[in-house]
Amino acid sequence: MDQRAAAEHLRRLHDDPDVLVLVNVWDAASARAIAAVAGCRAIATASHAIANSFGYDDGQHIPVDLMIDAVGRIVAAVALPVTADLEAGYGNPGETIRRALGVGVVGANLEDAMAPLADSVAAVEAAVAAGAAEGIALVLNARTDVYLQPGGRDADEQLAEAIARGRAFLDAGASCVFVPGRHDAQTAAALVEGIGLRKVSVLAGPASATPAEFAAAGVARISYGPWPHRAALTALADVGTSLFGGAELPADIRSFG
């Protein structure tokens with residue numbers, strides 16, 4: 001499908017009754033491996049994993065040129081819609097989104113890093129405008145870090161702030177609101193009630209609700225952030241431990257191209 005069709009397809013996946021599950025990737029090889037798995041309907045990148053694969057820490061330390069190049073290689077490697085984690089936009093959200101669209105991306109994560117709400121809304125508006133200028137209905141997954149940077153707020157205050165920011169981002173043109181954190185099913189349901197049915201994106205991982213619980217709460221999409229990359233490195237380290245200990249290669253290794 002062409003880029004416009006891919007963007008429309010990704011948007012429809014967020015409205016589908018079946019929750020959109022995204023297993024995050026970090027390079028062309030991991031993208032091809034995940035794209036070939038039954039049930040994969042779209043590809044999502046993980047900024048943390050991409051940065052780590054190039055030797056950078058997470059948190060916008062990777063040069064934007066390197067990030068865009070990595071994302072472009074992932075887009076070129078698969079025939080599915082790709083949504084890219086672009087952190088907080090690397091100092092220029094609109095331009096970063098424009099460049100990502102230029103390499104074929106049709107969706108993006110953009111985090112607020114708990115900046116003042118007006119600044120965060122302006123970043124969302126710039127990202128959406130960049131998509132419109134390129135003729136692409138960008139599927140923007142606007143992220144709020146309320147639960148990652150609580151700033152002394154109690155649970156009720158965190159929920160209220162996440163809902164307020166989420167609604168503001170939707171009003172500014174975002175397609176979905178990403179609220180990462182170790183949420184239980186009750187919190188996920190409260191976020192959906194406050195932000196909107198199939199308008200909330202969550203991060204699944206250790207100590208969070210299960211995918212089935214998130215789906216039942218009415219979230220639009222579930223992603224896994226850096227966890228697939230960590231799982232792959234764990235498997236590599238385990239193989240290394242076995243081989244250094246004199247063992248043979250496992251018999252069930254598959255070829256991925």
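## A buried alanine to start with

At 0% relative accessibility, Ala162 counts as buried (buried means under 20% relative accessible area, exposed over 50%, and partly exposed in between, with a 1.4 Å probe and protein chains only). You'll find Ala162 in helix α7, residues 155-171. Helices (H or I, at least four residues) and strands (E, at least two) are DSSP runs, numbered from the N terminus.

Who are the neighbours? Leaving aside residues up to four places away in sequence, Ala162 touches Thr144, Val146, Tyr147, Val179, Leu191 and Ile195, where contact means heavy atoms within 4.5 Å. Leu249 is another story: Ala162 and Leu249 are 87 residues apart in sequence and 48 Å apart in space, C-alpha to C-alpha.

## What you're looking at

This is a predicted model, in which local features need pLDDT of at least 70 and side-chain atom pairs count only at pLDDT 80 or more, while totals for chains, interfaces and linings use all residues. Residues are numbered from 1 along each chain as its sequence is written, and side-chain values use heavy atoms, with hydrogens and water left out.

## Two nonpolar cores

In soluble globular proteins, nonpolar side chains tend to be buried together. A nonpolar core here is a set of buried Ala, Val, Leu, Ile, Met, Phe, Trp, Tyr and Cys residues joined through side-chain atoms within 4.5 Å. The largest one has 51 residues, and Ile50, Leu86, Ile97 and Leu140 touch the most other members. Helix α4, residues 64-77, gives the most to this core, with seven residues.

Apart from that core lies another, of 21 residues, and our opening residue Ala162 is among them, as are Val19, Ala188 and Val200.

## How α5 sits against α6

Helix α5 (residues 93-102) packs against helix α6 (residues 117-133) at an angle of about 30 degrees, with the axes 8 Å apart. Axes are lines fitted to C-alpha atoms, for helices over the stretch in contact, and angles run from 0 to 180 degrees between N-to-C directions. So α5 and α6 are roughly parallel to each other (angles under 35 degrees count as roughly parallel, over 145 as roughly antiparallel, 65 to 115 as roughly perpendicular and the rest as oblique). Their crossing is right-handed; a crossing gets that label if the near helix is turned clockwise from the far one by less than a right angle, and left-handed if anticlockwise.

Which residues make the contact? On the α5 side they are Pro93, Gly94, Ile97, Arg98 and Leu101, and on the α6 side Ala123, Ala126, Ala127, Ala130 and Gly131. By class, that gives seven nonpolar, two polar and one charged. Ala, Val, Leu, Ile, Met, Phe, Trp, Tyr, Cys and Pro count as nonpolar, Asp, Glu, Lys and Arg as charged, and the others, Gly among them, as polar.

## α4 and its two partners

The axes of α4 and α5 come within 9 Å and cross at roughly 30 degrees, so α4 and α5 are roughly parallel to each other too. This crossing is right-handed.

Ala28, Ala31 and Arg32 in α2 meet Arg73, Ile74 and Ala77 in α4. That contact has four nonpolar, no polar and two charged residues.

## Loop residues worth a look

Glu87 has a positive phi of about 50 degrees although it is not a glycine. Glu87 lies in the loop between β3 (82-85) and α5. Is Glu87 buried or exposed? At 2% relative accessibility, Glu87 counts as buried. Ala207 has a positive phi as well, near 75 degrees, and lies in the loop between β7 (200-203) and α9 (211-217). At 66% relative accessibility, though, Ala207 counts as exposed.

Glu134 lies in the loop between α6 and β5 (139-143), and at 39% relative accessibility it counts as partly exposed. Glu134 touches Arg4, Arg98 and Leu101, not counting residues up to four places away in sequence. Glu134 and Asn109 are 25 residues apart in sequence and 18 Å apart in space, C-alpha to C-alpha.
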